[in-house]
Amino acid sequence: MSIQHLISIDREAALSIDTGRLKISFCKGQQSHLIAVCDIAVLVLSHPCIRVSLAVLQELAQQGAAVVFADNKHMPCSMALPVGNNLEGAKRPFLQAKYLSGPESKNLWKQLIEAKIRGQALAASDFDSALSDRLKLISGQVNAENASTREAQAAQSYWPSFFTSLHNPILFREKQGAADPVNIALNYGYAVLRAIIARSLAAAGLCLNFGVGHDRKDNPFNLAEDFIEPFRFLVDRIVWQIASKQFPLEQFDKNVKKQVLALLLASKIELAGRNYRLFHGIDFAVNSYCIHLEDPRRKLMLPNQPARPGKASSSLLWQADQFEDAPQ
C-alpha cells in the first residue's frame, strides 16, 4: 500500500488532474502543489471559493479517496465516499443484515466499548493517573448486556476531569453547536477520523447503514459511528496536548486545525503486538470485522486490547514531533 496523505485546503484554490496527479493551484504568483491521486486518503475542502471539477471527483473516487466538505466554520458538513470495488461487495451487506440486532451485534458492541474505555484510560494517564486506573477497572466490567451503561459510566468520570485539567469553561462534551475551542477541536478531529474510517468501511464493501451499536434509521454512517469508538482516544490525546501547550486554548483557528491534522496523521497504533500507521491500523480493524462476518468465533482486532490474556499492551506510539506536511 502506498503512503497515504490527508490533505486539507482552507483558502481559495483550483483543483485539476495532471497525468494522475492532483494539481492544487492557488492565487497567481504562488507555487502550485502536485500529489499523486493514489496517495490521497482524505481530501478536506474548507473554503467556499475552491473550484473542483467532476473529473477531479471521479479520479479521487476511483482511487479510493474520501472527500470531506467543510462549512464556513471549518467543521465538516458533508462527505463523498468511494463505492467499494471488491468481490465481496454484494456478500458482506447480506452477512451484516443477517447478524443485525442479534447476540453477535451485542458481542461486537461489547468489544468496541471495552476498547473505547481502555483508550480513555490511556488518554487519562496524561492528566489523572487515578482516573486512568478507575477506567481500566470499568473496562474490565464490560459485557454484552451492560456495554452502553459502562460507556456512560466511564464518560461521566472522564470528561469532567479532561476539561478541568485544561481549565476549559465547559466541563462536558458538547457535540452540536459547541462554542468553546476544546470541544470544537474535538468535534473537528472526530469528524476527520470518522471520514477515514468510513472510507475504509466503504472500500471493504460494507454497508455503512448497518451498525452494531448505532442503529438510527436516519443515519447513513451507523457503522462508522461504531468503529470510531475505539479510535477516539487518538483525538482526545491530540487535543489535550495542543490545549495544554497553548494553555488556556482561546480559539480554534487554522493553526490549531493544522496541528490536529498533522498529529492525527502522525499517530501510530499497536494492534496484536505490531505497530501500524493510522490508515493501516484502521484497515486492519475493519478487515477483522469482515473476517468476523464469515466466522463469528473470530474477535475484532482493535487498539487498546492486550496482545494476549494477562499481558497489557501499549496502544499508541506517541510521535507528536513527526509532522507530515499538507498544503494549507
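Axes are lines fitted to C-alpha atoms, for helices over the stretch in contact, and angles run from 0 to 180 degrees between N-to-C directions. The legends below concern a predicted model.

**Figure 1. Packing of helices α3 and α8.** Two packed helices are described by the angle between their axes and the distance between the axes. Helix α3 spans residues 103–124 and helix α8 spans residues 232–245. Their axes lie 8 Å apart and form an angle of about 15°. Angles under 35 degrees count as roughly parallel, and α3 and α8 are therefore roughly parallel to each other. The crossing of the two helices, α3 and α8, is right-handed.

**Figure 2. Residues in the contact of α3 with α8.** From α3, the residues Lys116, Gly119, Gln120, Leu122 and Ala123 take part. They meet Arg232, Phe233, Asp236 and Arg237 of α8. Sorted by class, this contact of α3 with α8 holds four charged, three nonpolar and two polar residues.

**Figure 3. The largest pocket and its centre.** The volume of the largest pocket is about 1300 Å³. Its lining consists of 37 residues. Nearest the centre of the largest pocket lie Lys175, Gln176, Asn187, Arg194 and Glu225.

**Figure 4. Elements and residue classes in the lining of the largest pocket.** At least two lining residues are supplied by each of β8 (76–80), α3, α5 (147–165) and α6 (181–203). Helix α6 provides the largest share of the lining, six residues. By class, the lining of the largest pocket comprises 16 nonpolar, 12 charged and nine polar residues.

How values were computed:
Residues are numbered from 1 along each chain as its sequence is written. This is a predicted model: local features need pLDDT of at least 70, side-chain atom pairs count only at pLDDT 80 or more; totals for chains, interfaces and linings use all residues. Side-chain values use heavy atoms; hydrogens and water are left out. Helices (H or I, at least four residues) and strands (E, at least two) are DSSP runs, numbered from the N terminus. Angles under 35 degrees count as roughly parallel, over 145 as roughly antiparallel, 65 to 115 as roughly perpendicular and the rest as oblique. A crossing is left-handed if the near helix is turned anticlockwise from the far one by less than a right angle, and right-handed if clockwise. Contact means heavy atoms within 4.5 Å. Ala, Val, Leu, Ile, Met, Phe, Trp, Tyr, Cys and Pro count as nonpolar, Asp, Glu, Lys and Arg as charged, and the others, Gly among them, as polar. On a 1 Å grid over the protein atoms alone, a cavity is a set of points where a 1.4 Å probe fits but cannot get out, and a pocket is an open set with protein on both sides within 12 Å along at least five of seven lines; lining residues have an atom within 4 Å of a point. Grid points are joined across faces, edges and corners, and a volume is the space filled by probe spheres set on the points.
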